[in-house]
Amino acid sequence: MTGAGRTNVRVRLVAMLFVISAIAFLDRTNISVAGVQMRQEYAIDQIRLGWVFSAFLIGYAAFQVPAGWLAARLGPRRLLTLALVWWGVFSIATALVPPGSAHAITLLMLVRFGLGIGEAAVYPSGNQFVSRWVPTQERGKANGLIFAGVGAGSGLTPPLISAVVAVGGWRASFYVCALIGLVAAVIWYTIARDRPQEHPAVNAEELAHIEAGLPDAAAAAAAAAGPIPWRAILGSRAVWGLFLSYFAFGYVIWVFFSWFFIYLAEARGLDLKSSALFGMAPFLAMTIGCLAGGAINDAVSRRHGLYWGRSGLAMLSFALTALFLLVGSQVDNAPLAVMTLALGGGAIYLSQSSFWSVTADIAGPHTGVVSGLMNVGCQIGGALTASLTPWIAARYGWAAAFGTGAGVVILGIAAWAIVDPRRLIGAGPAPARAPSATVTQ
């Protein structure tokens, strides 16, 4: 950041949200690595393991809007703390499901559904935080950093979980993840506050900088205290454009989160060590793509306006993703295929900051609810691909499975075209704000 004497508390808290985001994806994707051993112990095939994956996403989707409402009412500090503790409990519960039980699969599905309920709080809470703490001109980079945690957490999962599984078995991996989450809960509750005005370390210069880039605080507070404008939200074409495009996003990314490690082990014939190494590639690309997308988002918005910075970047991102998935799925050489498919993961994450910046742009005090509704689309897409991908792969081959993802993401381009971040929900176009200084993350 620039500005003599200005504190950087918001940057530190956004960095902590990056860590929490990474932990969230460590907790949800560890089962894709542990699943290789779990399938043997529970005697289940890929399709039934897909049911377990989908159960998490159904719980996650079902509680997105309630989580957004709670984020506005309880505040991101308390809600994220409770969520991290919840994740820890249900991570441990996953390891405690007895394989000899006649209802083991049902119990696994219920536990993962419960984990999904807790993790539903993370991004609505994070976006509620962004809407209160981060000026409009800095939201691209802020969301880019937060969602880079997705790639970082997922990228760390294969080597970390493989190492833990090799030493202590698959159950130990869930205990380790639970411990990490509980430590993060203590740190977040200690350092975070719901609003910059409440944080003792925020000085007058930083507070003035934040408030200058936000809507009128009194009006926002009054709107937040009132009823949620459901008619305006559900009647907004931007909201439904975001919902549908995030459905496409979720369909593609959960091919990587749910099945990529297993694809490498079973379709490409790689051993555990090689799968862990190559399995990192898409998630490292996602991390880079997310950070780059945030920077590009702010830069293009500043030069050409919010529509091209947010929606235009997302459409280009989706087009590149479809191209890389189609090409990568046809490559015979395993390392080259992994690298090409990884570029598809990195390309789609160029759009991640656009999704979450637009919801803050158009929804103001109701950002948590609107972003939660948008995220339902992503999780429905993820739940569909978690169960549909192994069926397509078994019946038509993995090239068809990745090709289906490419087709879905092309439809997402059309959905993004109708999203206008300049138009507030329930109102006309927002007053033009000229983004000025950008945050340096």
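## Helix 7 and helix 12

The crossing of helix 7 and helix 12 is right-handed, meaning that the near helix is turned clockwise from the far one by less than a right angle. The model is predicted: local features need pLDDT of at least 70 and side-chain atom pairs pLDDT 80 or more, while totals for chains, interfaces and linings use all residues. Residues are numbered from 1 along each chain as its sequence is written, and side-chain values use heavy atoms, without hydrogens and water.

In helix 7, Phe 147, Val 150, Ser 154, Pro 158 and Ser 162 meet Tyr 246, Phe 257 and Phe 261 of helix 12. This contact has six nonpolar, two polar and no charged residues. Contact means heavy atoms within 4.5 Å.

## Helix 4 and helix 5

The axes of helix 4 and helix 5 cross at roughly 165° and come within 8 Å, so the two helices are roughly antiparallel. Their crossing is left-handed. Residues in the contact include Trp 86 and Phe 90 of helix 4, and Leu 115 of helix 5. By class, the contact has nine nonpolar, four polar and two charged residues.

Helix 3, helix 4 and helix 5 each give two or more residues to its lining. Trp 86 is among the lining residues, as are Phe 63 and Ile 117. The lining divides into 11 nonpolar, one polar and no charged residues. A pocket is an open set of points on a 1 Å grid where a 1.4 Å probe fits, with protein on both sides within 12 Å along at least five of seven lines; lining residues have an atom within 4 Å of a point.

Methods. Helix = DSSP H or I, 4+ residues; strand = E, 2+ residues; numbered from the N terminus. Nonpolar A, V, L, I, M, F, W, Y, C, P; charged D, E, K, R; others polar. Axes fitted to C-alpha atoms, helices over the stretch in contact; angles between N-to-C directions. Parallel < 35°, antiparallel > 145°, perpendicular 65-115°, else oblique.
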